[in-house]
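Keep the model open as you read.

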Amino acid sequence: MKKLGLVGGIGYLSTLEYYKGINEGYQKRLAKQSKSGENPPMVIESLNLADAYNLVERKDWDGFSALFVRAIRNLHNAGADFAAIAANTAHIVIDEVRMQSPIPIVGIADEACKYARQLGLGKLIIFGTGFTMNSGMFEAKCVEYGMDAVVPNEADRKAIHDIIFPNLEAGIVLERERETVLKIADGMLSNHDADALVLGCTELSLVIKDGDLNTTLLDTGKIHIDAILEYMLQ
């Protein structure tokens, strides 16, 4: 079985969800019912969210990618056979990180688009941090898989970003902010005749739940966790 090296800390809530989801998924897939406490091999490198945020805000992409390369090298030195980064925004520089990584990386955008294509979806609405939505990351990846992607307009991108930071990153959910996100999503799904909404920030699942919208929800965190488990258990 392959040992996972997980880059976390950006933010800590998503890291908790990844750790919980990977362990629970592992136990459902592999562990015998008669046993308890079986956990998969894993090591975590927890980064400082403030450092990462400052690098992205300054558009220091070299520094941003170097942050993850160092983390993955540390994980490799700790025995990891492959890596995953528990954050969508980090994947803006995933190509650069992969070129310098000593081990394979299971990418979140790759897996989300692969999953969407398997469902037969054609057009996706992308929500995430302002950094992610401005980067074109998901649009480019969707093209690779024969799909279209649409992000909100500038004002709505800012509104969503300002809800993620600082509140959702701290686990704070305000009803008025939840209503704002749902209103933007509902309008875009209708105006663009889209097939699904991509929760391209792992904290967005705090405000958008199954049943909130009449569409397919693609929770990138959950999709990523499933893909990590598949790779681990190959």
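Which side-chain oxygen reaches the backbone nitrogen of A155 at the start of α8? The oxygen belongs to N153, and it comes to within 3.2 Å of that nitrogen. A polar contact here is a pair of N or O atoms within 3.5 Å; within protein, one must be able to donate a hydrogen and the other to accept it, and residues adjacent in sequence count only if both atoms are side-chain atoms.

This is a predicted model: local features need pLDDT of at least 70, side-chain atom pairs count only at pLDDT 80 or more, and totals for chains, interfaces and linings use all residues. Residues are numbered from 1 along each chain as its sequence is written, and side-chain values use heavy atoms, with hydrogens and water left out.

Stay with α8, residues 154-164. Helices (H or I, at least four residues) and strands (E, at least two) are DSSP runs, numbered from the N terminus. The buried residues of α8 are R157, I160, H161, I163 and I164. Seen down the helix axis, they fall within an arc of 160°, so they line one face of α8. That arc is taken from the directions from the helix axis to the C-beta atoms. The face turned away carries the exposed residues E154, A155 and K158. Buried means under 20% relative accessible area, exposed over 50%, and partly exposed in between (1.4 Å probe, protein chains only). What covers the buried residues of α8? The cover includes α2, β4 (123-127), α6 (130-135) and α9. Contact means heavy atoms within 4.5 Å.

Now follow the chain out of α8. F165 lies in the loop between α8 and α9 (175-191). It counts as buried because its relative accessibility is 16%. A cis peptide bond joins F165 to P166, with omega about 10°. P166 is in the loop between α8 and α9. Another cis bond runs from I10 to G11, with omega near 0°. G11 is found in the loop between β1 (4-8) and α1 (12-29).

Turn to the aromatic rings. A search of the whole structure finds five aromatic pairs. Rings of Phe, Tyr and Trp (its six-membered ring) pair if their centres lie within 6.5 Å; planes under 30 degrees apart count as stacked, over 60 as edge-to-face and the rest as tilted. Y53 and F165 make an edge-to-face pair, 4.8 Å centre to centre with 70° between the planes. The pair links distant parts of the chain: Y53 sits in α2 (residues 49-57), and the two are 112 residues apart. Y53, F131 and F165 form one aromatic cluster.

W61 and F64 also pair. Their centres are 6.0 Å apart and their planes at 70°, so this pair is edge-to-face. Both lie in α3 (residues 61-77), three residues apart, and so are separated by about one helical turn. W61 is partly exposed at 32% relative accessibility, whereas F64 is buried at 3%.

The charged end of K2 sits over the ring of Y231, 5.3 Å from its centre. The criterion is NZ of Lys or CZ of Arg within 6 Å of the ring centre and within 35 degrees of the ring normal.

Finish with the backbone. K59 has a positive phi near 60°, though it is not glycine. K59 lies in the loop between α2 and α3 and is exposed at 62% relative accessible area. D193 has a positive phi of about 50° and is not a glycine either. Its place is in the loop between α9 and β6 (196-199). D193 is exposed, at 63%.
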